[in-house]
Protein chains: 4
Amino acid sequence: MVIMTTTSSLTFLPVLERIAEEIGRTPGRGRPADYIPALAARDPRSFGMAVAELDGTVYGVGEWRQPFSTQSITKVFTLALELAREGDELWEHVGREPSGNPFNSLVQLEYENGIPRNPFINAGALVVTDRLQTRTGDAADTLLAFLRAESGNPDLDFDRQIAASETAHGDRNAALAHFMKSYGNIENAVPTLLFEYFRQCSIAASCADLALATTFLARHGICADGTRLLTRSQAKQINAIMLTCGTYDAAGDFAYRVGLPGKSGVGGGIIAVVPGRCTLCVWSPGLDERGNSVAGVAALDRFTTLTGLSVF
Amino acid sequence: MVIMTTTSSLTFLPVLERIAEEIGRTPGRGRPADYIPALAARDPRSFGMAVAELDGTVYGVGEWRQPFSTQSITKVFTLALELAREGDELWEHVGREPSGNPFNSLVQLEYENGIPRNPFINAGALVVTDRLQTRTGDAADTLLAFLRAESGNPDLDFDRQIAASETAHGDRNAALAHFMKSYGNIENAVPTLLFEYFRQCSIAASCADLALATTFLARHGICADGTRLLTRSQAKQINAIMLTCGTYDAAGDFAYRVGLPGKSGVGGGIIAVVPGRCTLCVWSPGLDERGNSVAGVAALDRFTTLTGLSVF
Amino acid sequence: MVIMTTTSSLTFLPVLERIAEEIGRTPGRGRPADYIPALAARDPRSFGMAVAELDGTVYGVGEWRQPFSTQSITKVFTLALELAREGDELWEHVGREPSGNPFNSLVQLEYENGIPRNPFINAGALVVTDRLQTRTGDAADTLLAFLRAESGNPDLDFDRQIAASETAHGDRNAALAHFMKSYGNIENAVPTLLFEYFRQCSIAASCADLALATTFLARHGICADGTRLLTRSQAKQINAIMLTCGTYDAAGDFAYRVGLPGKSGVGGGIIAVVPGRCTLCVWSPGLDERGNSVAGVAALDRFTTLTGLSVF
Amino acid sequence: MVIMTTTSSLTFLPVLERIAEEIGRTPGRGRPADYIPALAARDPRSFGMAVAELDGTVYGVGEWRQPFSTQSITKVFTLALELAREGDELWEHVGREPSGNPFNSLVQLEYENGIPRNPFINAGALVVTDRLQTRTGDAADTLLAFLRAESGNPDLDFDRQIAASETAHGDRNAALAHFMKSYGNIENAVPTLLFEYFRQCSIAASCADLALATTFLARHGICADGTRLLTRSQAKQINAIMLTCGTYDAAGDFAYRVGLPGKSGVGGGIIAVVPGRCTLCVWSPGLDERGNSVAGVAALDRFTTLTGLSVF
């Protein structure tokens with residue numbers, strides 16, 4: 001895999017530079033997530049953005065090589081890893097529809113017999129990780145190995161401090177897991193599942209790492225080494241779920257402003273896919289009230305506006 | 001209005017013919033909506049599909065010139081007409097996010113102080129029609145005039161029998177309207193609003209009519225006569241809402257299978273937009289359990305698969 | 001002041017006088033209901049309290065002869081009138097269980113297919129009035145005739161100004177009625193029902209009138225003229241519902257503090273029953289946050305404490 | 001402890017005998033709880049009933065000395081023990097209002113920031129046990145000691161098999177506990193709390209034991225040894241909560257049919273209080289659809305009908 005060689009493929013570098021310059025002039029960045037100390041400590045002025053081309057070239061601006069906490073972005077990769085193993089049967093245990101109001105998460109689970117609406121709300125991600133754990137015996141390690149391979153970065157690792165913090169503040173996820181288990185929709189012991197889940201969320205990676213790790217979705221399911229992880233149809237499926245459910249309760253706004261399949265995390269990162277063309281990852285720790293990076297959404301908005309790559 | 005002139009623009013006709021042939025061989029069409037007699041009487045084997053090019057050329061297969069009841073498809077047009085008049089202030093009265101479980105519609109309204117999640121659930125469409133009524137004094141007539149102009153078909157009209165049937169079975173919509181009025185989010189008298197709303201839903205039109213009437217969205221806001229109805233940004237906004245919220249509780253599935261902004265109605269019609277390229281309208285009265293035309297979704301699925309025009 | 005003459009039955013007059021004196025020294029009365037102007041205008045310092053003995057003797061303190069707006073107190077009487085006509089079949093259309101959080105009123109109706117939890121929440125009272133209207137053709141007039149007969153006061157009447165105000169602010173009740181009608185649980189046209197319902201709530205009566213009108217419940221179903229309206233079992237049924245559901249979302253507190261079957265109204269009145277012994281009515285327009293008269297609850301609390309008549 | 005000495009106090013024995021005879025002739029007993037094997041194995045034809053007088057005399061009919069699983073009946077005693085220790089501050093952590101529809105338990109917690117509606121729903125009982133654990137360090141042992149002292153039966157004990165079964169099926173309670181902990185309304189570690197809670201529910205006792213153990217509520221707070229556990233007001237408070245919330249989602253029906261403060265458990269037992277007079281305990285394992293003993297409710301219904309002791 002190549003980081004950057006031929007100038008011909010640095011297509012979007014001027015665009016990234018313009019965006020970074022604009023973002024640098026913009027005040028107002030939101031506030032970092034504050035429910036765990038390790039996230040709250042990040043500087044909201046930090047900003048990085050990377051593009052990965054289909055051939056593995058990656059380039060970026062700002063702090064695009066600075067590792068940050070991936071958090072919910074990892075939900076995309078565990079979904080891919082488990083969908084590859086289980087196929088369509090997975091959809092009997094987790095839905096593919098937007099979840100609507102976060103207020104309704106628990107009543108929704110009760111109303112729909114413990115089947116979460118989609119794999120990107122916490123309840124759904126717990127189901128996916130639970131099933132990956134059943135099939136692999138080490139869900140978080142399987143994920144880490146995949147991210148190392150796709151990013152070409154063997155130094156990617158868990159952040160033990162963050163995993164411990166998440167565990168200490170993990171009662172809501174524990175409630176979700178026990179509740180779904182009461183419906184028979186969780187297979188492993190809840191403490192085991194939570195251990196894997198919080199480790200998964202704690203992985204630190206940079207914009208460069210994540211843009212590269214996401215390219216299998218832009219390549220319709222083909223990994224960095226040329227092997228096929230997902231069928232073309234499955235890759236399309238994940239892209240569709242990212243567009244409709246990838247940014248918490250702001251999927252509608254994100255679809256309008258950015259118009260690309262994307263997935264955000266409370267660490268301030270967002271990945272996005274231009275199917276058949278490239279992937280992006282942007283990072284800035286300041287969040288809006290719905291948990292998405294303020295500068296990150298703004299940067300992706302500018303990118304699709306400037307390049308005309310938006311879906312709509 | 002021109003049906004077909006230059007052969008060069010009948011690009012997708014062979015694709016449509018192949019789809020019609022496949023659909024014709026497929027058993028199982030779902031059941032027509034049965035809550036009002038006029039809809040229940042339609043033959044579930046009926047099928048028509050039309051494509052409208054940006055230049056106003058339209059062509060199709062099957063019963064593509066047969067009028068059917070547009071129902072919720074009209075929500076797209078009233079949204080465009082009101083957004084053009086009111087601009088972004090509209091979004092203070094109706095949201096742009098998927099609604100999640102239909103079960104929660106009323107509790108969502110209560111939780112969010114009478115602001116519906118998006119303009120395509122019934123509560124949201126009532127708000128849009130209410131505001132259009134305030135601005136025009138004759139919301140349904142304004143809509144009809146627009147559809148006649150865009151389709152080039154002066155014979156489009158309300159179906160009085162269907163409007164009467166809807167009114168007779170309209171208690172749930174009446175409940176929604178009164179409930180939102182109790183929060184101050186409905187401006188007109190509820191009976192006036194319901195009269196306009198049920199007339200709006202009763203308009204009969206063919207696939208040809210609707211494909212043509214939708215082209216302003218593929219043309220980024222430009223009407224058939226070259227005038228601009230919406231800004232480019234507003235057109236993009238509506239397309240994004242169609243993709244994330246256009247097919248009731250199946251938006252995720254629709255995004256995955258079809259991958260185009262679309263809007264369905266319980267009359268069995270579905271419109272879809274390929275931004276910058278063309279529009280489609282398909283019709284078959286048999287519905288799945290979530291209220292979308294079975295053959296219609298299948299036909300659009302095949303279209304994007306065969307043409308590669310899917311977003312993802 | 002004394003209506004009837006035998007001194008032997010003025011048992012509780014000293015207690016009432018002590019309570020009135022205590023209440024007079026207590027600051028803090030809450031605020032009158034403000035959703036309609038006619039209620040908001042009442043002086044929160046007003047206070048009256050009456051006791052009616054089983055033999056029809058009535059006496060009181062303070063403004064016990066001053067008419068006020070009965071509002072939800074009338075729900076007790078329409079329930080009795082309809083239960084007398086329909087018997088246990090009524091319970092197939094309205095439940096007898098506490099409703100819990102008011103927030104859930106609509107989702108409860110949706111979850112339980114349009115059957116309200118009990119006859120004292122608005123949805124349940126609408127069902128009762130609807131059914132009484134079906135059986136009598138003039139529900140509100142039937143109620144008024146009953147109240148006049150039981151109170152011995154032919155001057156009781158509707159307050160047209162209040163009925164008109166309620167109608168003007170009646171969207172939430174209209175929503176409930178239409179919503180239940182969509183489940184087939186309302187028989188009359190919604191405007192007809194609301195007309196009867198708002199007239200019912202508008203009846204003005206004094207503490208003396210209401211204490212006397214309630215005595216049929218203390219007499220286990222026997223009216224003032226000695227005829228039987230309810231079976232002993234039905235009277236017990238209504239008393240039980242008053243205890244568990246009579247004071248909105250404060251039934252638990254009321255049961256603890258007062259320990260008697262009671263029903264409050266936002267006009268500031270509360271009726272209470274000591275089965276087999278007497279009835280009480282207290283009035284003071286200032287309400288607490290849950291819609292019950294502050295001084296009214298305090299007075300009943302003192303009454304049961306001083307007399308030892310509490311159930312517990 | 002005295003079983004029976006003076007003939008004068010066996011007041012209700014003939015009534016009990018008549019009830020037992022009637023129940024014996026009645027077919028249809030419902031089904032034992034089946035979510036844990038140890039409960040499902042009980043014979044639904046079993047029946048016992050005991051009365052305890054204020055002086056400690058106890059007598060009964062049928063299997064009134066047969067131990068059964070107390071389950072939710074213990075919630076009354078932990079509430080008394082904790083209310084005695086903490087006083088009114090307890091009510092800042094758990095409410096006193098009926099909970100309405102069981103469906104809404106979780107959404108209610110979410111809506112009201114983790115404060116359960118009352119101490120007799122599972123969420124509320126978990127809060128009470130949690131706080132008792134904080135104050136005692138051994139909540140379940142404290143409860144057991146109290147029950148032994150009040151019943152005069154030193155052989156009362158936990159049923160380890162049932163406690164283990166409950167733990168194995170305890171995901172819903174674990175979900176509730178974690179969920180409330182996420183709101184800061186649980187003080188102890190969730191596994192510690194659940195260990196205490198399931199041991200508490202597992203205590204086996206007979207009708208005789210429980211009738212005696214409940215008499216402190218009929219004696220307005222005075223224990224068997226003459227010491228005061230609760231103030232008169234606190235005893236009244238608990239009786240009121242039993243009447244309005246003691247029988248799951250059937251409190252309204254129970255109030256109407258029985259008209260006494262009562263508390264049921266899924267083991268088939270029900271305790272009831274005639275304040276100032278006596279207590280009752282009835283047991284029969286067959287349950288109705290709402291979790292209350294079919295023969296138990298019928299027996300209490302007959303008791304209040306035959307003795308006229310009903311509240312209403």
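In which sense do strand β1 (residues 48-53) of chain D and β7(D) pair, and over how many bridges? I found that β1(D) and β7(D) pair in the antiparallel sense, over six bridges; two strands count as paired if DSSP finds at least two bridges between them.

**Basis.** I worked on a predicted model, in which local features need pLDDT of at least 70, side-chain atom pairs count only at pLDDT 80 or more, and totals for chains, interfaces and linings use all residues. Residues are numbered from 1 along each chain as its sequence is written, chains are lettered from A and ligands numbered from 1 in the order in which they are written, and side-chain values use heavy atoms, with hydrogens and water left out.

**Strand β7, chain D.** I took strands as DSSP runs (E, at least two residues; helices are H or I, at least four), numbered from the N terminus. Strand β7(D) covers residues 278-283, and six of its six residues are buried, where buried means under 20% relative accessible area, exposed over 50% and partly exposed in between (1.4 Å probe, protein chains only). I noted Cys278(D), Leu280(D) and Val282(D) on one side and Thr279(D), Cys281(D) and Trp283(D) on the other. Three residues lie between the strands in the hairpin of β6(D) and β7(D), where Gly276(D) takes a positive phi near 80 degrees.

**Strand β7, chain C.** I looked up the strand in chain C as well. Six of the six residues of β7(C) are buried, so this strand is largely enclosed by the rest of the structure. Six bridges join β1(C) to β7(C), and the two run antiparallel. Six bridges also join β6(C) to β7(C), again antiparallel, with Val273(C) the bridge partner of Thr279(C).

**Cysteines.** How many disulfides are there over all chains? I count zero, taking a disulfide as a pair of cysteine sulfur atoms within 2.5 Å. The sulfur of Cys207(A) has its closest cysteine sulfur in Cys281(A), at 4.1 Å, which is too far for a bond. Cys207(B) is likewise in no disulfide, with the sulfur of Cys281(B) 4.1 Å away. Cys207(A) is buried at a relative accessible area of 0%, and Cys207(B) is buried at 0%.

**Nonpolar cores.** I used sets of buried Ala, Val, Leu, Ile, Met, Phe, Trp, Tyr and Cys residues joined through side-chain atoms within 4.5 Å. The largest core has 136 residues, and Ile238(B) is one of those that touch the most other members. Beyond neighbours within four places in sequence, Ile238(B) is in contact (heavy atoms within 4.5 Å) with residues including Val76(B), Leu217(B) and Leu230(B). Another core, of 135 residues, lies apart from it, with Leu147(A) and Leu212(D) among its members.

**Chains A and B.** I laid chain B on chain A with an RMSD of 0.0 Å, by a turn of 180 degrees and a shift of 0.0 Å along the axis, superposing by least squares on the C-alpha atoms of residues with pLDDT of at least 70 in both. The two copies are thus related as by a two-fold rotation axis. The same surface serves both, as 100% of the contact residues of chain B recur in chain A. The contact takes 34 residues from chain B and 35 residues from chain A. Together the chains bury about 3,100 Å², 60% of it on carbon and sulfur atoms; buried area is the accessible area (1.4 Å probe) that two parts lose on being put together, summed over both. In chain B, Lys236(B), Tyr256(B) and Phe312(B) lose the most area to chain A, together 26% of what that side buries.
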